[in-house]
Amino acid sequence: MIGILDYAAYVPIHRLSRAEIGRAWGRPMVPPYAVGERAVANFDEDSVTMATEACLRCLAQSEGQRPDGLYFASTTAPDHERQAATVIAAAADLPREIRTADFAGSLRAGTSALLAALDAIKGGPAWSVLVAAADRRLAEPGQTAEALIGDGAAAFVVGEGEALATVEATYSIAEEFPGTWRQSQNLYIQSDDEKFAATYGYQRILLEAMRGLLDKAKLNPNQVSRVVCPAPDLPSYTALAQASGVPLLFLQDPLLLSVGFTGAASPLLLLATCLEKAESGQLIVVLSYGSGADALLLSVTDEIEAHRSRTRRDLIGHGRPLPSYQTYLTHRDLVKSQHGVWEVEPFSSLTMMWRERKQNLALYGVRCTKCAAVFFPARRVCPTCKTKDPFEPHKLSRRGRLVTFTTDRLYPGPESPTVMAVVDLDGGGRLFTQMADCDPETLRVGMEVELTLRKFHKSKGYTHYFWKARSIGLDS
Amino acid sequence: MSIRDRVAIIGVGATQFGEHFEHGYSDLIVEAAYEAFRDANVSPPQIQAAWLGTCFPDSGGYQGNAGASLADALSLYHAPISRVANYCATGADAFRNACFAVAAGAYDLVLVVGAEKMRDVTARESLVGQLAETGHPVHGKGVTAPGMFALFATRYFDRFGIGRETLAKVALKNHRHGSLNPKAHFQKEITLERYLKAPMVADPLGLYDCCPQTDGAAAAVICRADLAPTFSKEPILVKGLGLANPVGDELAFDPDSDFISFRATKEAAAQAYEQAGVNDPFKEIDVAELHDCFTITELVTYEDLGFCQQGEGRTFIEEGVSSLEGALPINTSGGLKSCGHPIGASGLRMIGEITNQLRGRAGKRQVKDAKRGLVHNLGGLGAVASVIVLATS
C-alpha cells in the first residue's frame, strides 16, 4: 500500500502572545485577533533547522528505515541557490545516492512536495520519500498578519509499506490569484484586497478543490470524517467552513491560537495533529491553498494505533512565553539586539567546512579500533593508545549529559548571553558547544540534554549550521 | 643533564602596567629592556641573542609577529632573535628557550623580552574579538576567556560545594597585594560588597574574578651561572623549567577532563620540582606568582602545584595561607588580577617579581627571608602550563 508511513512535527519553543504584540504597539488587538499566541523560531532557527528537527524526529521513530528521497517545502528557504533538502539530508545522515528537491513559491509547496513524493513512489524510482515542510514567514511589523503567522515544521515519510493512512485520491488546481505574495528581494509578505482574497480566493478555490476531489473519489461530504485545512485567520476559516455546507467537518483545530498559521508547513502540521486522534477507517480530506489548491483524500488504516504507541513525543508541546515583542524583533534580526555591542564575522574556510561535512553535519566522531576510545573532533593519532590511524567513523549520539556549563555575557553573539556547555554523549564522545532555547537557571551538572541543529553564523555569506545542546523535554 | 644551576638571572625590568594610550608596542619594549640592562649592568651590544614573547600581534598593530619587532624596537640588529608564542605561557616559554640556549653553551649573555599591546583596540575587540573571530568556524564557537575558566568554576563549585564568596577571597587578597605595587594596573583594595555587586561576566565569574586588558612589557637579562658574579652581586639561579601540554587545545572535548584540575600544571610542576629537587612544595617554596587570569584558576592551581590537597583550596585561601603575611605568600605583586595580563609580558613580569623577592627588593610587599620562589603560567584552557623554580643559591 502506498501512503503515509510516519510523521512528526516541530514547533519552536517560544510563544508570543497577541496581547503582548498589542501592548508593544500601544493599540490592543481587536477580537478575534486579540487572543492566543504564535510560535516564534529562535534567533538561531530557520526553515532548514526546523525541518531538520521534524525529519530527525520522524526518522527516530521509523527505527532505522532510511528513505531514498528527501523533499523540502518552504516559502522561506534561507538560500535561493543552495538546496535546503541537501543540507537536511546531510544532517540526517542520509546516503548521498538519494533524490532531493526543494519546493517553493507557494503556500501549497508542502502538499506539492507530498504529491511529487507519491508520484515518485508510484513511478518507481523511490521506495520511500521523506517530505519536510517548514516556514518562518515575516509580515511587516505592526500588521495584523504578523500576529497570525506562526513558525513550525512537519515531516512525513511516504512510501510503499504498512501505511497508517493510504492516499485514495488527489486533486489539484493551478490558478494565478493575488492572495499573498512576496517578491524575492523583500522580507515581508504582501497582500491587497483582503476581503476579495478571503472570499474569492481562499474560499472559492478551496471549495472547488474539495468538490473536485470528492467527485473524483465518487464520495459525498458526509462520508468524510475530517477536513484538514490551513487557516490564515479565524474569520476566513469560519466563513469557509460555513460555505462548505458541512461545517462540522472543519472542527479540526487549525492551531491559530497556539501556534499560528505556519505557511507551507501548515497543511502537513495540521494533518499530523489530525492523525494523532484519527481512527482506523476514517476518511480525511487535506486541503492546501496557494496559487490554486491541492486536495488529498486519505484513508486511515489499522496501523494508526501501532504508530501512536511507538511515538512518545507531544507533537506540538506547550511552549514558553517569549519575554517581549522586542525579543521577537531581535530574533528576526529586524532590530539589533540590545546586547550586541558590535558585529563580528567569525573566521571560516568553506573548503574546511566541506572537508568536515560528515563530522559537522552528520555528526560523526572517530572510534579507536585498538582501544575503543571515542573522540570528537576527528584526529589521526589516538591520544589514549598512541596508535597512528586506528580510527573508524563513529556516529555520535544526539543525547548526553551536561559535564559543565557557563552563561557568558561577553561573547558578541547575535543574542546575549551565550550559554556554553560541555556534553558527554551517550556511547562516547564529548562536545563543547552552545546551548539552544536555554533557561540558564534550570541548568545542573549531570542533567540530560540532546543536540539540535542550529544556525551559528553567516561567515562569507554562507550559513554555518552546527549542533547545539538543549535540555530534554523542554517542549512537552 | 638538568637545567638546575646552569643559568642565572642578573637583571629584570618591567614597564608600568596599565592602559598606555601614549605609548606604542616598541615604547613598552624599550622601557622594559633598558630597565633590565641597567639592573644587570650590561649594555645592549653585549647581548648575544634575544627572545621575544608576544602572543597576539593582531591586537598591537601586527607588531611582534617575528623577532624583527624586537630588533627594530631596540635597534638590536646584531643579535639573532626568535619570537615565541605559547598562549598565556608565552613570556615564560620565551624565558625557557633562552635558558636552554645559554645552558647549551651557544650564548653567554642573552635578553628575553615579553610584550603585548592590548589597548590599541577596544577591550572587547582584543582577546574577546579574536576568540569570536578566529578558531574553528563552529567547534567551541561562543567561547571567551572567562567563559573557558567559568566551565571549571561551575564544575569545581558543584564538586566541592563552594560558592562565589570563596573566589571573592582570592580577588580581595590580590587587590590588597596590588595596592602595594606601584607598577600594578590597579593599585587599590576592593571590598566584598563591591565584588558581589559587580556585573557577572561568565557565570559564576563576575567582573572582579577576571584580570583586565592591559598594556605592558617585561624583560630579563640572563647569563651562564658561572659568569653571573662578574655582572651581579645577587644573581638568581634557575632551578627548574617545566612546560607541559598534555591535552593540547581540545581540553573541553577531551572525555578525560574533570574540570577541577589542570593536568598541564601538574605535569609542568612535576618536571620543575624534579629538576629543582623540590619534594614538599608547600614547605620548600617561600613565595610564588601564580597565573590568576581568573580567581578560580588561582584556587585550582594551589592544588595542582601541590601546595595543598585537591579540594583544600578553599581552606588555603580562607585561612590566609596565601596572603602576604601567610605561610606561602602568593601573588605578592597583586597577580594578573591587579597588574593586568599583557599576555607575552606576564610570565617575565612574574619572573621579575620573584627575582626581586629573592633579592630582598620587593619593598612594602617583601616576603621575609624568601630564598626559593616559583612562577606559574597557564595558557589556553589548560592547553599549556609553565612552572619555573628560582632560588638565591
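Two strands are taken to pair if DSSP finds at least two bridges between them, and the strands themselves (E, at least two residues), like the helices (H or I, at least four), are DSSP runs numbered from the N terminus. The structure is a predicted model, in which local features need pLDDT of at least 70 and side-chain atom pairs count only at pLDDT 80 or more, whereas totals for chains, interfaces and linings use all residues. Residues are numbered from 1 along each chain as its sequence is written, and chains are lettered from A, and ligands numbered from 1, in the order in which they are written.

Strand β15 of chain A (residues 364-368) is joined to the antiparallel β17(A) by 5 bridges, and A:Pro393 of β17(A) stands opposite A:Val366.

Chain B is divided into domain 1 (7-122 + 214-236) and domain 2 (135-211 + 239-391), with bounds that come from an automatic or database domain assignment. The contact between them (C-beta atoms, placed from the backbone, within 7 Å) takes 35 residues from domain 1 of chain B and 35 residues from domain 2 of chain B. On the side of domain 1 of chain B that touches domain 2 of chain B, two or more residues are given by each of β1 (7-14), α3 (90-103), β4 (109-116) and β7 (216-224) of chain B, and the largest share, 7 residues, comes from α3(B).

Definitions and conventions: Contact = placed C-beta atoms within 7 Å.
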